[in-house]
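Work through the exercises below with the sequence and the structure open beside you.

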Amino acid sequence: MLSIDALTKQFGEKIAVDSANIHVDKPMMIGIIGRSGAGKSTMLRMLNRLSDATSGSIVYEGEDVTHLRGAAKRNWQSRCAMIFQQFNLVPRMDVVSNVLHGTLNRRSTLSTMFNLYPQDDIHKAIDILNRLGIAEQAPKRAEALSGGQQQRVAIARALMQDPKIILADEPIASLDPMNAQIVMQSLRQIHEEDGRMVIANLHTLDTARRYCDRVIGMRDGRIVFDGTPEQLTTGVARDIYGAGADFSEAATSTEIETLDRQKEFA
Ligand SMILES: Nc1ncnc2c1ncn2[C@@H]1O[C@H](COP(=O)(O)OP(=O)(O)O)[C@@H](O)[C@H]1O
Ligand SMILES: [Mg+2]
């Protein structure tokens, strides 16, 4: 279904992603973990073609998408929607218009200029918001919503494209624990009910364990673990994060960085 082979990204001397191989044979919910700088974002950006691979290939359902250009590339990008840590909504625009933004690439410039959306799209947007439990927020400005609600608006916007794959780069890193759970549950629901593949970079180990079918661990650009949450033992996790014996299961990558820095100063 999705085949990533020897995928590499180099920034000058720096190898951000080093010959990564990932094979997915059915829609799954996949979590990518690893400390900051491990190459997680670069991996997702290459998948979505926001960033071009230096070498290697990405094949989806038999189609090589690594070098697509122009309309074919935009078509691929609408099939794998991206969600970001900072939501990337238009703050002053109302929620439903933000969601309808997800249809922009198939609308004419003129209808975009005059903010004309087809009735069907408006109904679809409301249905999606309803499904995510935030339909009553539809007329509000995006900036008036809580972080968790804003991230669900971003998910709704992604769903407007009817994507096969949802790529989420640290979708809950800016949220409090309760909102983080709601957002992860929404992603899980979309995966289970619609059969969409979800690939999420996650900064906490327990989130990856709880919500994902498969966890990929990256370290210094390389994939150092690829298995089930059960196979992700504390020892394995410690290795992925390059952390010492004081590594705790509940630790986030941010906490591990802090721990390391404390050691440097000690
Ligand atoms: N545009 C860029 N130019 C130069 N180096 C980059 C760029 N983007 C990422 N890197 C480097 O690539 C490595 C991986 O970064 P990234 O994919 O953002 O890691 P992560 O998301 O796991 O924190 C880091 O060392 C980072 O500094
Ligand atoms: Mg990142």
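The exercises go from the ligand shell to a helix and then to the chain. This is a predicted model, in which local features need pLDDT of at least 70, side-chain atom pairs count only at pLDDT 80 or more, and totals for chains, interfaces and linings use all residues. Residues are numbered from 1 along each chain as its sequence is written, while chains are lettered from A and ligands numbered from 1 in the order in which they are written.

**Exercise 1.** List the residues around ligand 1 and sort them by element and class.

Step 1. A residue is near a molecule if its C-beta atom, placed from the backbone, lies within 6 Å of it. Around ligand 1 these are Phe 11, Lys 14, Ala 16, Gly 34, Ser 36, Gly 37, Ala 38, Gly 39, Lys 40, Ser 41 and Thr 42.

Step 2. Two or more of them come from each of strand E2 (14–24) and helix H1 (40–47); helices (H or I, at least four residues) and strands (E, at least two) are DSSP runs, numbered from the N terminus. H1 gives the largest share, 3 residues.

Step 3. The shell holds 3 nonpolar, 6 polar and 2 charged residues. Ala, Val, Leu, Ile, Met, Phe, Trp, Tyr, Cys and Pro count as nonpolar, Asp, Glu, Lys and Arg as charged, and the others, Gly among them, as polar.

**Exercise 2.** Why is H1 described as largely enclosed by the rest of the structure?

Step 1. A residue is buried if 20 or more other C-beta atoms, placed from the backbone, lie within 10 Å of its own. In H1, Lys 40, Ser 41, Thr 42, Met 43, Leu 44, Met 46 and Leu 47 are buried.

Step 2. Because 7 of the 8 residues of H1 are buried, the helix is largely enclosed.

**Exercise 3.** What share of the protein chain counts as buried?

Of its 266 residues, 40% do.

Terms used:
Buried ≥ 20, exposed ≤ 12 C-beta atoms within 10 Å, placed from the backbone.
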